[in-house]
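Hi everyone, thanks for making time.

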Amino acid sequence: MRLSPHFSHHEKGGGMKGCIFCKIVDKEIVSKIVYEDDDLIAFHDINPLAPVHILLVSKKHIENILGMTDEDAKLAAGLLFAANEIAKKFNIDKSGFRLIINCNSDGGQEVFHLHAHLIGGAPLGKMC
Ligand code: AMP
Ligand code: ZN
């Protein structure tokens, strides 16, 4: 049993055993971090689908948006504001981008720790 402040998977800092994004949040696995605040970390996707492909990841381990509660209102809003900031940083604000949150099987979710994909830098085609 870990007795660190990150013991509970409800705490910021992740710590959910076996969760790859908790390990990235805790910096046990190296990632190319582009943004960080109290609630979020953002880093380059290891398998980019476009010239810019950043993952915005909650520090708290939540499986996906279905796991969000009223407590996560600041986190949810912060994710959108962080996406704006990162889009500007990577100069894709004017050209445009897409923000995607996959959920469960039909949504194609592979990592069960809340995250959004910020994708841009090329025309993405119409999806919806
Ligand atoms: P999703 O399919 O929405 O769950 O997205 C998971 C994303 O995490 C995929 O786009 C993967 O390429 C990405 N990914 C998995 N492992 C890593 C890692 N160690 N560093 C960066 N991105 C990762
Ligand atoms: Zn996690």
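Okay, start with I46: one of its backbone N or O atoms lies 3.1 Å from a nitrogen atom of ligand 1. Keep in mind that this is a predicted model. Now look at G108, where a polar backbone atom is 3.2 Å from an oxygen atom of ligand 1. And then there's H117, which uses its side chain: an N or O atom there is 2.8 Å from an oxygen atom of the ligand.

So how much of ligand 1 does the protein cover? On its own, ligand 1 has 510 Å² of accessible area, and the protein covers 86% of that. As for where we are, ligand 1 sits in the largest pocket.

Let's zoom out to the whole shell. There are 16 residues surrounding ligand 1, and the closest are D45, E110, V111, H115 and H117. If you sort the shell by class, you get 7 nonpolar, 7 polar and 2 charged residues.

Which elements supply at least two residues each? Those are α1, residues 20-25, then β2, residues 40-44, and β5, residues 115-120. The largest share comes from α1, with 3 residues.

Let me finish by going back to H117. You'll find H117 in strand β5. Is H117 buried or exposed? Its relative accessibility is 11%, and buried means under 20%, so H117 counts as buried. H117 has a protein partner too: its side chain makes a polar contact of 2.8 Å with the side chain of H53.

Terms used
Residues numbered from 1 in each chain as written. Chains lettered and ligands numbered in written order. Predicted model: local features only at pLDDT ≥ 70, side-chain atom pairs only at ≥ 80, totals over all residues. Heavy atoms only, no water. Near = heavy atom within 4 Å. Polar contact = N/O pair within 3.5 Å; in protein donor to acceptor, adjacent residues only side chain to side chain. Areas by Shrake-Rupley, 256 points an atom, 1.4 Å probe, with all protein chains shown as cover. 1 Å grid on protein atoms, 1.4 Å probe; cavity = no way out; pocket = protein on both sides within 12 Å on 5 of 7 lines; lining within 4 Å. Sits in = over half its atoms within 2 Å of the grid points. Helix = DSSP H or I, 4+ residues; strand = E, 2+ residues; numbered from the N terminus. Nonpolar A, V, L, I, M, F, W, Y, C, P; charged D, E, K, R; others polar. Buried < 20%, exposed > 50% of the residue type's maximum accessible area, 1.4 Å probe, protein only.
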